[in-house]
Each structure stands twice: as structure tokens, then as C-alpha cells.
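Subject: Handing over a structure

Dear colleague,

I am passing the structure below on to you, and I would be grateful if you could look through it alongside these notes.

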Amino acid sequence: MAVTDFIAGKVATELLEMLDEICRKSFLCKPTAAQLVTSIQDLLPTIQEIKYTGVAIPPPRQRQIDALSETLVRGRDLAHEILNSGRWNFLKNVQLARKMEKLEKKVSRFVNGPLQAHVLADVHHLRHDSEKKFDRIENSIRQLEQRLGAAKSGCWGRGRRVVGGGGEEGGGGGEVRGGKTTLAREICRDDDVRSYFNDRVLFLTVSQSPNVEQLRSKIWGMIIGNDSVGSSDTIPPLTLQYDFRIVVKTLVILDDVWSLPVLDQLILKTPGCKTLVVSRFKLSPSVINCTYELELLREDEAVSLFCHAAFGQNAIPSGSNKKLIKQVVDECKGLPLALKVIGASLRDKPEMFWTSAKSILTRSQPICESHEIQLLERMRLSIDCLPEKKLFAILVELADKNLLTPVKDARYGDIYSSYYDISVYQHDVLRDLAIYLSNRENVNQRRRLLMPRRETGIPKEWERNVDKPFNAQIVSVHTGEMREMDWFSMEFPKAEVLILNFSSSEYFLPPFIDNMPKLKTLVLINYSTSNAVLHNLSVVTNLSNLRSLWFEKISVPQLPETTLPLKNLRKISLVLCKINTSLDDSVVGLPYLFPCLSELTMDHCVDLTELPPSICKMNKLKSLSVTNCHSLRELPTDLGKLSSLQILRTYACPCLRRLPPGICSLVLLQYLDISQCVNLASLPEGIGGLKCLEKIDMRECPQIRNLPRSAASLRSLHRVICDEEVSWLWREVEKSIPDLCIQVAEACFNLDWLAE
């Protein structure tokens, strides 16, 4: 690209501006100037395209561009002269008008002559280049089809299913650089695939402990075009007994499939429905018609991926120890996940650290057919490198080492964000790594006692060792419905965390909770479609050391009258729970039972219409979060009595229409989040009394159109998040609060990440 290309683009722009001015000021030159404007506007896109593509053009064309550039320069000088010519000098203006006509004819000849020829030539070259590129693409597709063992039409047209198998995660041949799931997601997003199936493409993660009925409901809903189908709806048998009068093409992608019995239940044999299965195991040919095994990465691909994770570039940096780097890469055995995780763990580490890491990798087991054990052994290095940190810092450290992926929404990392605002997802192999590291010791000596998948009851290995105490500090159980007879006596003298995952509408709490004298955290998560009713609540009444309680999809029970005050309990989280009347003052005395509670969270509690007034007597409460509660109508009048409250969240409560004036007495309040309260009409008039308030989040509150005058008294306020429509109101307040930062909110939160 010659310098004249830039000159032509710049001069043409300047000339257009002058011609517009001539059209307004010069009577004699106005018609010609208007025609010139049209011609140059036709030219300008072509000039700009040449300018910014950076592609060299042939010499003959370059000469014509040079000539055009000179013409435009003369035109600019002429336009400048016309603008400087006085109206009284009629003779000179006539001469300038004739020169302008000659310039216009010259530019028009170029537009209607050589430029058209250039366009035809470009079309010819583009067609020729496209044919060559399409030939290469067709050859690549043909090679891929040969490896798949089926023609492209057969893959979709004859109901074949594809399984990505072999290796934990591989990079296929040719241009395939990701693993099985990555390839499946690319197929899911591919425009041609989505066009063929009319956007009826469903991606589901099955996992080791799937809720088969829920997955089948989603598949059936996609097939019949009804997303509201639930697991309680009747699904026809998996044969062609359903009357399909219109065959609808549907693609179902099942990722992370572990067993053939589960797969048999998820493949719906209906006309037009094709299933693509992703699994780390080879599945039976009786179910799978076509298998595509991903290969490990080639050496150059492995080096590129490793360097991207370790150095932020795709090649070994100059001046680095290439031999040592390649030795570490070789020890990763072409496994993409190991390359990414180990590369990230060695980032910015000294050379001696690299040498030590290479030695550790060398001592790992040799390559085997399944890649299972040696992958976990190699990635163990990244865990060993983690420093001891707490809370959010641990998540950041894990994310930096590619051990998990955070979902970064608008609140991620904010100083006032809550733990339930933070979501992460993790590769299934990395989950296996955690389980593998936890299970290396004898079952009674493990620090973490975990069930890797949902089972009908307690593992036999645990049952065989009940005669000795279990020294685990963290215990995680994953079952279906558990009755009293399904448990057996176990002792956990050191247990501090108990996580009970289950899927049922009723659940009997394990009696061995009584044998956990040091228990600090109790988590109950129900994965069924309905809220669970708990039994054997008496085991909770004597947990004197309990500090944190998390209920998810539970019908909140009424605690027995014999329950002693839980003086050490600091946090209660109720997520997707049915509150019923369990928190009513007539049923329970919250200040008596939880005298030291500092954090109360209620999220997606759909039947919660109001908070019990006794909450206002919990003087130690520092954080109150009532979020996504769509039936909440009002907050307690005496909310201002929470003298220790620092954080108040009420976001996404659409029925909340007002905030009680009492909140203006919360002298220690630092953060107020009322975002997505779409019917909230205003802020309290006395909001200026919140002398410690530092941040307000009021995005998506369309009904708030005015601010109280007292808002100018919020001297500690330094950040407001709001919509564009109300930002100007805060601009006025900004005059009284010089350090105030007004952040206009971006697009609304979305739930796309749930598909991950």
C-alpha cells in the first residue's frame, strides 16, 4: 500500500467538507460542487477500503490511484481558492467555476471508467480465490468424513451418532485444537448445523450423577417444541409409539456421558431426532453407529498451547531455556488440559522451580491407554503449588491456574459481592483430580471424605470401616432418598463441614450428626424437582459449634421446642426454599435461637411475602439479603432498629413498591442494592441520614424518576450504579459530592452461563 493511498483518503475527506461549504456559499459553483460531492462519496469507500486492508495493489492500479490523488489535491486547492474569493469579483468566480467543471468531469471519468474495471477485476479474483479456498475446505471435510466413517449427509440423514472417545481430552487432527466438549460446542454453534436443524439444537451435560428424568424432560420438550415440559409430565416410551404427523429435525448433544444404561434412557428414537454423544469411554456399537476418536496434540500444537498458558504467547520466548520448556511439555504427553493447567501453574516462576516441576512430572506414571491416572498425577503439580489463601483469593488463584472458570457477571469481584453472587464451573477431569487427591489415603484417615457420584446409599467402603472413627474434616454425601434404616452409626470426631447432597421429596437427616462435636458448617442441597421435607431435626438442636447453615430447595422446618440457642451460628442461607410459616414470630423466636447471627440470606424463596418483625431485634445482624423473592411485598417498618446492619440487598423483588422510612436510621449501612426492583417507586426522603453509605446499586429501577433532596447529604457515597435514564439526576447530586462516581449499567444480567 503506497503513501498516496493515505493521502487520497485524507484529501477526499477534506475536499468533501469544503464542497459542502461551497454549496452553501457560492452560487456559480454550487451545481458542480454538488455533483463532485456525489462522485467523491462514491469514491471514498473504495479509497478507505484500500487504505485499511493493507493489501498491496498492482503497479498499473497504483499509478491510477496516484493520478487520482494528485487530482484530488488540486481540487482541494481549488476549493480553498473558491472559498477565499470575494463575491464582488465576478470574473474570477466565473473562471473558478469553469475549473471546477473540468475537475468534476475528470473525477466522473475515473468513477465511470477505471473504477468499474477495477471492480470487475476484483470480482474475478475473488471468485478465483474462493474456488480454491472452497476446494481446500471440501478436501478437509472429505478427510474428516472419512475419519468419522460416514458421509456428511449420512451423519445427519441416516441417524448416525458420534462419540468422542479415547483420552481425557484430545486435540484432533488437522485444525481441531480443542477437546471433546469444545468440539461438540462448536458443532452446537455452527451456522450450517443450526440452519439444518432450524435452531433446534440442545446441549446437555449428563455427568456421573445425572437426573435422568429431568434430562429426558428437556429432550422431550425440545422435540415437541414445548420448553415448559417438566419431569412430572408423561413421556411416551422410547419407541415410535408417539404419533408424529410432522417430522421435526432436532439435534441433541449429550456431553460427559459415563454409562450405557443412562445413555439408553436418553436416546429418544423419534423421527428426525439425531443424537451426538460425547464420552471419555468407548460405548457399545449396539447404541452408537459411528465413533470419532480424538487424538492427542502434536508436538508443535502442544508447545503452542503450553506457551499460551505459561507466557501469554504462542511460542517459546526468546532468551528462555527452550530445552527445559520442551522437556516439561513432553512430560504433559500431549494432553491439552494438563498443558493448560501445568503451564499456568509455572507462569512467572524461576527456572529452578521449573526444574523441580520437570522432575516431579518425570516421576509420574507412563502413558497408558486411558490417560486417566497420569493426567491426574501431572495436574497434581498445579495443586501442590497453591499458596494458603482464603475465600475469594483462593478462587482467583485457582482460576489463574486454569483449575476452574469463574462466571464473571456484573457483581463478580466487587468488595460488597456476596458468596452466592460468585459462580464457577469446572472441567470434569479437574473434579476427578480433586476426588483422586482426596481418596489416596485409607478411608478412615482421609482429610476429605467424598462420594464422587450419587448412589442409592452410603458406599460399602465406608460401611466396612465403621468400627473405627473417621478423621475427615470435610464429609460430602450424595444419595437419593434416605430413610432412618438407610443410615448406620459412624463417628466423625474431627468433622467441621458436612455436605448432604440428595434428590428426593423427603429426607431423614443422618443420626451420626450427633457424633460430630466440632461441626461448623452444615449444607443441605436437594436436586429434585420439589422441595424436600426434613425428618430427624433433633440432631440439629445440639450443634453448639455450628457457624454456618445452608438450605437449598428445602421446606424450611419448624425447629423443636427443645432447641437450644445456637450461640455460634453466624450465617444462614435459604436458597430456593419454601418458608411457609416457619419464621413467623408465633412459631419461632429468631433473636432467641440465633443471638449472634451476622448474615442472613434468602434467595429465590418464592412464597416469602414479608419478613417477620422479630428480625428487627437481631442486633448482631450485619448483612441482610432478600433477593429474587418475587412475592415479597414489603420490608418491616422497624428495619432501622438493626443497629449493626452494614449491607442490605433486596434486588430482583418485583412486588416491592417502597422502602420503609426506618432504613434511614441504619447509621452503619455501607451498601444498598435495590437493582431490578422494577416497581420500586422512590428512595426514602430521609436517605441522607445514611452517613456511612458508600455504594448504591439501583440499575433497572425504571419507576424511580426523582431523588430525595437529602441525597446531597450522603458525604460517604462514592459510587452509584444506575441506568442512563436516571444518571442525570445523580449528576446534579455529584455537584455536592465531588468524589462521587456514577456508573451507567450495561446490559441486563443473562443466564446464558447456565448452559455451561
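The accessible surface of the chain, computed by the Shrake-Rupley method with a 1.4 Å probe and, for residues, with only the protein chains shown counting as cover, comes to about 38700 Å², and 52% of this belongs to carbon and sulfur atoms. Please bear in mind that this is a predicted model, in which local features need pLDDT of at least 70 and side-chain atom pairs count only at pLDDT 80 or more, while totals for chains, interfaces and linings use all residues. Residues are numbered from 1 along each chain as its sequence is written, and side-chain values use heavy atoms, with hydrogens and water left out.

The secondary structure amounts to 20 helices and 22 strands, taken as DSSP runs numbered from the N terminus (helices are H or I, at least four residues; strands are E, at least two). Of the 756 residues, 47% count as buried, a term that stands for under 20% relative accessible area, as against over 50% for exposed and partly exposed in between (1.4 Å probe, protein chains only).

The structure holds 8 aromatic pairs, where rings of Phe, Tyr and Trp (its six-membered ring) pair if their centres lie within 6.5 Å, and planes under 30 degrees apart count as stacked, over 60 as edge-to-face and the rest as tilted. In one of them, the ring centres of Phe 306 and Trp 354 are 5.8 Å apart with the planes at 80°, so this pair is edge-to-face. Because Phe 306 lies in helix α11 (residues 299–311) and Trp 354 in helix α14 (residues 351–362), the pair ties together parts that are 48 residues apart in sequence. Phe 306 is buried at 0% relative accessibility, and Trp 354 is buried as well, at 5%.

Trp 487 and Tyr 507 also form an edge-to-face pair, with 6.2 Å from centre to centre and 85° between the planes. Here Trp 487 is in the loop between β9 (474–479) and β10 (497–502), and Tyr 507 is in strand β11 (residues 506–508), 20 residues apart.
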